[in-house]
Amino acid sequence: MRLHQLIALTVGLSLPSFTMAATPTAASANPSRQIQDEMEVQIKGQFKGRYLVKKIVAPVTMNLEKLQDFPEDPSQKILLEKLPIALASEFNARREVKGHAPFYPWVTPISETPFLRMTPPRDKKLQIVNWMFEVFNPQGQTIFRQRGTNGLPDEFIWEGKDSEKKFAVVDRLYSAQLTLIGPDEKATVIQGDSVILPAMAYGSEESETIEFSLSRLFAAGKSDLSLEGLVMISRFQERLRERGLTKMHVRITGEDKNLSAQRETTLVSALEKALRLAPGQIEHDSTQPTIRGEIAVFWLKTGGNSK
């Protein structure tokens with residue numbers, strides 16, 4: 001009995017010790033330390049894999065096939081869609097960007113004569129008895145006509161002569177057309193380019209006139225320069241600085257007398273600040289519009305002592 005009781009006592013004492021061993025200790029009760037101990041295990045080895053590079057989407061949709069052909073004419077259209085007339089002329093004019101001049105594709109540069117050009121066909125088999133080059137106004141009426149016989153000139157140009165308004169005006173659509181008459185008296189009509197002049201320059205060696213459309217230069221019904229007007233005036237100022245011109249006369253021609261006076265002050269102040277001219281150095285006035293419409297006119301002295 002004593003041996004049996006001793007064995008039972010030994011077993012009874014060992015059971016609690018087994019149960020306590022199964023209970024988590026203070027060290028094992030801290031999961032952060034346990035994870036930290038596991039993260040300290042170092043594994044050495046090598047891994048080989050591949051990088052998958054997907055197709056890069058260009059921000060501008062272009063016809064890459066035509067771009068790779070390297071066309072002889074750098075101005076050949078490489079966009080998927082044709083550009084409007086005004087933007088196409090700007091695209092051609094800015095195909096070679098030089099210096100630090102900013103590029104504004106939505107605003108055309110100041111147009112200079114000739115305002116329209118047209119190249120006749122070069123088919124040697126084409127027999128021509130008479131030809132007629134015409135320029136039309138928005139109503140389809142002829143405002144300029146040039147006639148000839150037999151051979152065609154190398155190029156037809158329109159320098160702004162207008163039988164209706166004496167000279168071209170801003171913000172008006174002009175289109176060209178060439179009519180060829182053969183020996184059988186049949187007419188072949190070839191349509192040329194069209195042009196709208198937001199701003200135009202013309203004159204002589206001694207003086208130059210530059211006209212801007214008020215509807216583009218200023219915000220509607222306000223004396224503040226529009227976003228397009230700011231860019232147009234910036235180009236005008238760049239033109240003056242390049243040529244060293246400072247003497248000018250500014251005139252605003254508008255229906256509203258008070259609004260014209262306010263626009264006159266705004267425009268002159270902007271020019272004086274940009275060109276760093278003393279107040280009163282620019283002559284200016286405002287008047288009622290003439291046949292040339294509501295415009296801002298700049299008369300520049302280009303010959304002799306212009307400074």
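**Figure 1. Aromatic pairs in the predicted model.** The count of aromatic pairs comes to 10 in this predicted model. One of them joins Trp158 and Tyr174, whose rings are tilted at 45 degrees between the planes and lie 4.8 Å centre to centre. This pair links distant parts of the chain, with Trp158 in strand 5 (residues 156-158) and Tyr174 in strand 8 (residues 173-181), 16 residues apart. Trp158 has a relative accessible area of 0% and is therefore buried. Tyr174 is also at 0% relative accessibility, so Tyr174 counts as buried.

**Figure 2. The pair of Phe167 and Tyr202.** The rings of Phe167 and Tyr202 form a tilted aromatic pair, 4.6 Å centre to centre with 45 degrees between the planes. Distant parts of the chain are linked here: Phe167 belongs to strand 7 (residues 166-167) and Tyr202 to strand 10 (residues 199-203), 35 residues apart. Tyr202 is at 21% relative accessibility and so counts as partly exposed, because the buried class is limited to values under 20%.

**Figure 3. One aromatic cluster.** Phe167 and Tyr202 belong to one aromatic cluster with Trp158, Tyr174 and Phe115.

**Figure 4. The largest nonpolar core.** This core has 26 residues, and those with the most contacts inside it are Phe212, Leu217, Phe236, Met248, Leu267, Leu271 and Phe298. Elements that give two or more residues to the core include the helices 5 (214-217), 6 (227-243) and 7 (257-275).

**Figure 5. Surroundings of Leu271.** With neighbours within four places in sequence left aside, Leu271 is in contact with Ile233, Phe236, Gln237, Met248, Val250, Arg276, Ile282 and Phe298. Among these partners, Phe236, Met248 and Phe298 are listed with Leu271 as residues with the most contacts inside the largest nonpolar core.

Figure 6. A separate core of 24 residues includes Trp131, Ile143, Trp158 and Val297. Trp158 is also a member of the aromatic cluster.

**Figure 7. The hairpin of strand 8 and strand 9.** Strand 8 and strand 9 (residues 187-196) run antiparallel and are joined by eight bridges. Ser175 stands opposite Ser194, which is in strand 9. Five residues lie between the two strands of the hairpin, where Glu185 takes a positive phi near 65 degrees. In a regular strand, side chains alternate between the two faces of the sheet.

Definitions and conventions. Residues numbered from 1 in each chain as written. Predicted model: local features only at pLDDT ≥ 70, side-chain atom pairs only at ≥ 80, totals over all residues. Heavy atoms only, no water. Phe/Tyr/Trp six-rings, centres within 6.5 Å; stacked < 30°, edge-to-face > 60°. Helix = DSSP H or I, 4+ residues; strand = E, 2+ residues; numbered from the N terminus. Buried < 20%, exposed > 50% of the residue type's maximum accessible area, 1.4 Å probe, protein only. Core = buried A, V, L, I, M, F, W, Y, C linked by side-chain atoms within 4.5 Å. Contact = heavy atoms within 4.5 Å. Pairing = 2+ DSSP bridges.
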